Amino acid sequence: DNNGYLHVDVSNITKEQVAPYYGDEIPDWQELGLEPGRLYYMYRPADELEKAVDGFNGMPILFEHHPTNAERPAKDYVIGSLGTDAEFRSPYVVNSLIFTDGEAIDAIERGEYKELSAAYVYTPVMKGGIFNGEHYDGRMTDIKANHVALVKEGRAGPDVAVADAKPAAMKSTGAASPKKEDAKNTNKKAGTKGVLAFDAVPAIEGMEVNLAAMMKAVQVV
């Protein structure tokens with residue numbers, strides 16, 4: 001628009017899927033007897049996303065994931081917000097977006113940062129099952145949104161992305177955003193795991209997602 005803000009009519013925010021999480025990323029993992037370094041496959045069910053959909057209205061969009069709430073807002077990393085028209089369109093939660101930070105908009109247009117990652121709290125129910133032929137170890141229930149992050153690569157996959165990102169043929173080689181290194185360092189701070197679930201893997205998104213696929217083939221008979 002005339003302010004330079006980027007408006008997106010509709011994008012996928014999160015989706016029904018089975019995704020890998022380390023034990024100490026799962027709320028109450030110690031009480032549940034989970035192993036901190038083991039990968040567990042958690043199912044994000046459609047019925048739970050439908051119940052949670054209104055909570056994805058008006059949430060902040062951050063550059064990478066950072067703990068945030070009203071008492072300690074992550075002001076330095078807020079780059080926009082979700083709209084107020086969230087809905088569940090199976091298998092996705094969708095919403096409109098507005099980006100108000102020029103560096104983030106440039107990163108999107110260069111294609112460097114384009115995927116979206118929802119952050120939320122939930123109650124784990126560690127009862128296994130099968131979804132679309134994939135084994136899972138537990139279900140995510142009582143999902144409550146906290147924010148959505150702009151990330152390089154997330155667990156939810158490339159179909160959960162800023163729908164206005166330029167195609168590969170239009171990408172340029174602009175300078176990296178100065179916020180990236182700060183974002184990585186903040187993700188490493190202690191005390192964030194097990195509080196919020198991220199659709200992205202902090203700091204090592206792509207490596208863990210690819211490794212998890214191989215490990216799952218070994219773990220699941």
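Is His66 buried or exposed? His66 is buried, because its relative accessible area is 2%, and the cut-off for buried is under 20%. Keep in mind that you're looking at a predicted model, with a mean pLDDT of 80 for the protein. Here's a quick tour, starting with that histidine.

**Around His66**
- You'll find His66 in the loop between β4 (60-63) and β5.
- The side chain of His66 reaches the backbone oxygen of Phe63, and the distance is 2.9 Å.

**Helix α2**
- This helix covers residues 102-110, and its buried residues are Ala104, Ile105, Ala107, Ile108 and Arg110.
- What do those buried residues of α2 pack against? Their partners are the strands β1 (6-15), β5 (78-82), β7 (92-99) and β11 (138-151).
- Look at the start of α2 and you'll see Asp101, where a side-chain oxygen comes to within 3.0 Å of the backbone nitrogen of Glu103.
- After α2 comes Gly111, with a positive phi near 80°.

- A pLDDT of 70 or more is reached by 71% of the residues.
- Residues 165-194 are a stretch where pLDDT stays under 50, and here the model has 48 contacts beyond four places in sequence.
- Another such stretch is residues 202-221, with pLDDT below 50 and 29 contacts beyond near neighbours in sequence.

Key:
Residues are numbered from 1 along each chain as its sequence is written. Side-chain values use heavy atoms; hydrogens and water are left out. Buried means under 20% relative accessible area, exposed over 50%, partly exposed in between (1.4 Å probe, protein chains only). Helices (H or I, at least four residues) and strands (E, at least two) are DSSP runs, numbered from the N terminus. Contact means heavy atoms within 4.5 Å. A polar contact is a pair of N or O atoms within 3.5 Å; within protein, one must be able to donate a hydrogen and the other to accept it, and residues adjacent in sequence count only if both atoms are side-chain atoms. pLDDT is the predictor's confidence in each residue, from 0 to 100.
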